[in-house]
Amino acid sequence: MEITKETTMGQMLEYDMGIAYVLMQAGMHCVGCPSSIGESLEEACMVHGLDADVVLKSIQDYLASKK
């Protein structure tokens, strides 16, 4: 699965629960919140004042390290 800024939080977590750790390290501590599941990565980053490109890179690095 290719993760983009448009990928929803729910899709990412369904794909790989390890992404939750990456998101929490970035400052998103409400990863399991029901309202966040439908948000895109970009929307969630905006709400938390995070740079979506930086968080996306962290997720991509995590996924690449598993290969």
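User: How far apart are the mean positions of the positive and negative charges of the chain?
Analyst: They lie 9 Å apart. The chain has 4 positive and 10 negative charges. Keep in mind that this is a predicted model.

User: OK, the fold. How many helices and strands does the chain have?
Analyst: Four helices and zero strands. Along the sequence the pattern reads α-α-α-α.

User: Take helix 3. Which of its residues are buried?
Analyst: Helix 3 spans residues 41-48, and its buried residues are L41, A44 and C45.

User: Why are those on the same side of helix 3?
Analyst: Because they cover an arc of only 100 degrees around the axis. In general, an α-helix has 3.6 residues a turn, so residues three or four places apart point the same way.

User: And what covers them?
Analyst: The cover includes helix 1 (9-15), helix 2 (19-26) and helix 4 (52-65).

User: Which exposed residues sit on the face turned away from the buried side of helix 3?
Analyst: M46 and V47.

User: Zooming out, what is the radius of gyration of the chain?
Analyst: 10 Å. A compact globule of 67 residues would come near 11 Å, so the chain agrees with that. The C-alpha atoms fill a box of roughly 30 × 20 × 20 Å along the principal axes.

User: What share of the residues counts as buried?
Analyst: 36% of the 67.

How values were computed. Residues numbered from 1 in each chain as written. Predicted model: local features only at pLDDT ≥ 70, side-chain atom pairs only at ≥ 80, totals over all residues. Heavy atoms only, no water. Buried < 20%, exposed > 50% of the residue type's maximum accessible area, 1.4 Å probe, protein only. Helix = DSSP H or I, 4+ residues; strand = E, 2+ residues; numbered from the N terminus. Arc of directions from axis to C-beta. Contact = heavy atoms within 4.5 Å. Rg over C-alpha atoms; globule rule 2.2 N^0.38 Å. Lys, Arg positive; Asp, Glu negative; His and termini not counted. Charge placed at Lys NZ, Arg CZ, Asp CG, Glu CD.
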